[in-house]
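Please look over the model shown here.

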Amino acid sequence: MHLRNIHRYGYDFKKLTESHPELEQHIIESPTGAATIDFSDARAILEFNTALLKHHYKIKYWKLPEQSLYPPIPGRADYIHHIADLLEKGDRTGLDIGCGASAIYPILGNAIYDWNMVGCDVDDNSIGFAKKNTLKNDAIEIRHQIDKGNIFKGVILDGENYDFTMCNPPFYTSEEEAIKANITKQRKLGTREEIRNFGGHSHELWCNGGEALFIKRMIKESVAFKNQVGWFTCLLSQKQNLIKPLKQLKKLKADVRVVEMTTGKKESRFVAWRFKN
């Protein structure tokens, strides 16, 4: 994890349960005798991450709809910290594309760095929950992207400027691909294949072309907003999906960074680009 990520030093389950008592019923003993949770249990994951938000980031209210995507807080915080490394002193305004019901990136961006954040999403229900989760925070605004064919257009308004944008796009190209990935994950965890331990509605998990087509569309549309955004960034779960976006950005003569991240055994990365002058 990033050196400034507080979660790199492990978890104090006693303090976490004091902040969020609902976590206690999900705590189990690891083979080494240490406290942990069952990471194949979706409810345990949700309560664990809720406890992290309450204890470390002083978030008092955070609710998600049933079967929503349960964001792992340590990994989400890592993306925030690495973006901070890109920014100049004084930069503090960000846009999260696809904030989901959790609005986790706007919440963490404000809690960790006091950034002003805008989050947007295409789903009505997600927008409703995101607004409730950020209701008492004047530094966060949630916007509805009405046109699913657009990414930035309709969200970035005339006269607005952002120091960065961020995005965790739908990884998969179809429901079948998402289910197959979950089965693989369950095998690694040693649990039954039919268990679906991840949350997530269709618009959160898959889209036409998956993350590869999504970032292609994002790069193409970003050109129109190059004078309003400092850094554009987008997560990519699959390393092989880097090749085409990097070629696309090279043709556009953009300044590009690929930032590798590791959270536990999970490796990921994000592409960052900007248009100078």
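**Overall picture**

This is a predicted model. The protein has 277 residues, and 48% of them are buried. Its secondary structure comes to 9 helices and 9 strands. Take the contacts in the protein with a separation of 6 or more: residues 24 or more positions apart account for 67% of them.

**The site at D78**

D78 sits in helix α3, which spans residues 73–86. The residue is buried, yet D78 has no salt bridge. R8 carries the nearest side chain of opposite charge, and it is 6.7 Å away. A salt bridge would need the side-chain nitrogen within 4 Å of a carboxyl oxygen. Which residues does D78 contact, leaving aside its neighbours within four places in sequence? They are M1, H2 and N5, together with M261, T262 and T263.

**Helices α8 and α9**

Two packed helices are described by the angle between their axes and the distance between the axes. Here the axes of α8 and α9 come within 10 Å and cross at roughly 10°. Angles under 35 degrees count as roughly parallel, so α8 is roughly parallel to α9. The table lists the residues that make the contact.

| Helix | Span | Residues in the contact |
|---|---|---|
| α8 | residues 210–222 | I215, K216, I219, K220 |
| α9 | residues 243–251 | P245, Q248, L249 |

By class, the contact of α8 with α9 holds 4 nonpolar residues, 1 polar residue and 2 charged residues.

How values were computed
Residues are numbered from 1 along each chain as its sequence is written. This is a predicted model: local features need pLDDT of at least 70, side-chain atom pairs count only at pLDDT 80 or more; totals for chains, interfaces and linings use all residues. Side-chain values use heavy atoms; hydrogens and water are left out. Helices (H or I, at least four residues) and strands (E, at least two) are DSSP runs, numbered from the N terminus. Buried means under 20% relative accessible area, exposed over 50%, partly exposed in between (1.4 Å probe, protein chains only). Lys and Arg count as positive and Asp and Glu as negative; His and the chain ends are not counted. Contact means heavy atoms within 4.5 Å. Axes are lines fitted to C-alpha atoms, for helices over the stretch in contact, and angles run from 0 to 180 degrees between N-to-C directions. Angles under 35 degrees count as roughly parallel, over 145 as roughly antiparallel, 65 to 115 as roughly perpendicular and the rest as oblique. Ala, Val, Leu, Ile, Met, Phe, Trp, Tyr, Cys and Pro count as nonpolar, Asp, Glu, Lys and Arg as charged, and the others, Gly among them, as polar.
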